[in-house]
Amino acid sequence: METSSKEEYTIQSFDLETQKLLKTALKDPGSVDLEKVSNVIVDQSLKDQIFSREAGRICYTIVQAEAKQTNGNVFRRNLLNRLQQEFKAREETRKRSTQEWVCLVSFICNIFDYLKVNNMPMMALVHPVYDCLFRLAQSDALKNEEEVDCLVLQLHRIGDQLEKMNLQLMDELFNLLRDGFLLQEDLSSMGHLLLLEILEFRAGGWTLSETAQKYYYSEVTD
Amino acid sequence: MLPYTEGHWRGLTYTRQQFVREYENDCKPDENRNKGASRWSHCRKRGADGSLRKSHAVEEPGKCSQSSRRPESFTTPESEGPVSRVKNWGDEVEAEEMRSNVQRDMHRYRRRILEADFPQRDRKISSGSSDSRDSRDSKESPAKGDIETDEATLIRRQKQINYGKNTLAYDGYIKEVPKHMRQPGVHPKTPNKFKKYSRRSWDQQIKLWRVKLHAWDPPAEEGSDVQQIEVIDLGEIMDFELDVECSADTESKCPTSSGASLSLAKDSFTGTPKKMMKIEDTEMS
């Protein structure tokens, strides 16, 4: 399987040796240590924000390649279990480094987006993802623009899928966001803007009306 | 100025604070093996209107749902197992995949039965004819009564099939003999997991099938070793009850041989197929 240009671009952040490992994993998964590959990917995704948002695609490709070649799912199993470990330690991670924490959330959500099981999202990840988003919706997180930004990004990307999997939780989450928007005093104005946009986004059926799009995303000429 | 009084909002604010408190409880480093459930179950501590239900997690984060096998029904998939209390995501997703594969197979199978009953071109008025592939099913509508639908059973059977297919012998077999070239009785056929069989019957079919597949084992030692194994196994089968269906095909007889190496066993089987056929006939009517 050829490495598509998008994947090429994504793995450029790695050192050359690791790049080689990943490329081989994409083409000939049976010949590499897939546990190592999954660790490499998770490690990087916790450090590199851009990678954390795009790594899902690579993971998906490797999973498919392995299934086709050896009918195995060593990579997926290792990836998920490693991810689970990181998820369990998320509160410590958040205390240690907000950046790592938002990377973790982005990565988990990206995996949720890309790694489907028979074209269905992995049910096992629904609650963990919601957990992360609920955490981001807490008042101590909402006051950090970085965390609000992460939260709204995930909702833009996978909000509709998550809602389909569990409507009640999504409703509850948005109750929190509404609360935060209205009541929280230490929200930055950017935080306010981000929350308002996501409230409108969901209210519009996970899309922005044209006018709202213009409002939020057009250049304002002074 | 907000049009609502502080009191009105207090409910919601309280909810949020409560939620935070639960979070802090949940995120304690835990030694509890049920960590999966207690971590996630706080999400469902609220009712649909947002108000908080009594949460076990707040009191004893470690103790949550130790009594029930699966604390909250939708955190862990509802399958027969292997259900250990601590489910890792790898296992969970594999179980999910197994379930959805089995469901998909079932839909396909049902469609296939329907097509066999009502072939597109010529509509035959079948009265117990054994033309269609699954003649026994064609008389009645291919409803639930006729096929195995219990998910746990299907998953168990699928796992057994997977073990067999995950062998070098099977790989060799399908490479050597394309499907359309398969001769019933001669070439092993995967047991049909959707047919109704007793547990013993099914297990025996699997055993027979796997024995037959051994004929395609990659050559390690000489063939005589393989033959020996086969004879022993077939000896067991000979003693088996008569109500066992050896084959998944209704039209084929019980397999008499599974390959050239079974010349010895072939003779001993001469009597059996006829008996099997009789039984199949009676069952079919």
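**Exercises on helices in a predicted model**

**Exercise 1.** What span should helix H3 of chain A have, and which distance agrees with it?

*Solution.* Helix H3 (residues 34–47) has 14 residues, and at 1.5 Å a residue it should span 20 Å. The rule is 1.5 Å times one less than the number of residues. Now look at the end C-alpha atoms: they are 20 Å apart, which agrees. Helices here are DSSP runs of H or I with at least four residues, numbered from the N terminus.

Before you go on: this is a predicted model, whose local features need pLDDT of at least 70 and whose side-chain atom pairs count only at pLDDT 80 or more, while totals for chains, interfaces and linings use all residues. Residues are numbered from 1 along each chain as its sequence is written, and side-chain values use heavy atoms, without hydrogens and water.

**Exercise 2.** Which residues of H3(A) are buried, and what do they pack against?

*Solution.* Buried means under 20% relative accessible area (1.4 Å probe, protein chains only). Among the buried residues are A:Leu34, A:Val37, A:Ile41 and A:Gln44. The buried residues pack against H2 (16–27), H4 (49–70), H5 and H7 (98–114) of chain A, with contact meaning heavy atoms within 4.5 Å.

**Exercise 3.** How do H5(A) and H4(B) lie to each other?

*Solution.* First, the axes (lines fitted to C-alpha atoms over the stretch in contact, with angles from 0 to 180 degrees between N-to-C directions) come within 7 Å and cross at roughly 130 degrees. Next, under 35 degrees is roughly parallel, over 145 roughly antiparallel, 65 to 115 roughly perpendicular and the rest oblique. The two helices are therefore oblique. Residues making the contact include A:Leu80 and A:Phe87 of H5(A) and B:Trp89 and B:Val93 of H4(B).

Terms used:
Chains are lettered from A and ligands numbered from 1 in the order in which they are written. Buried means under 20% relative accessible area, exposed over 50%, partly exposed in between (1.4 Å probe, protein chains only).
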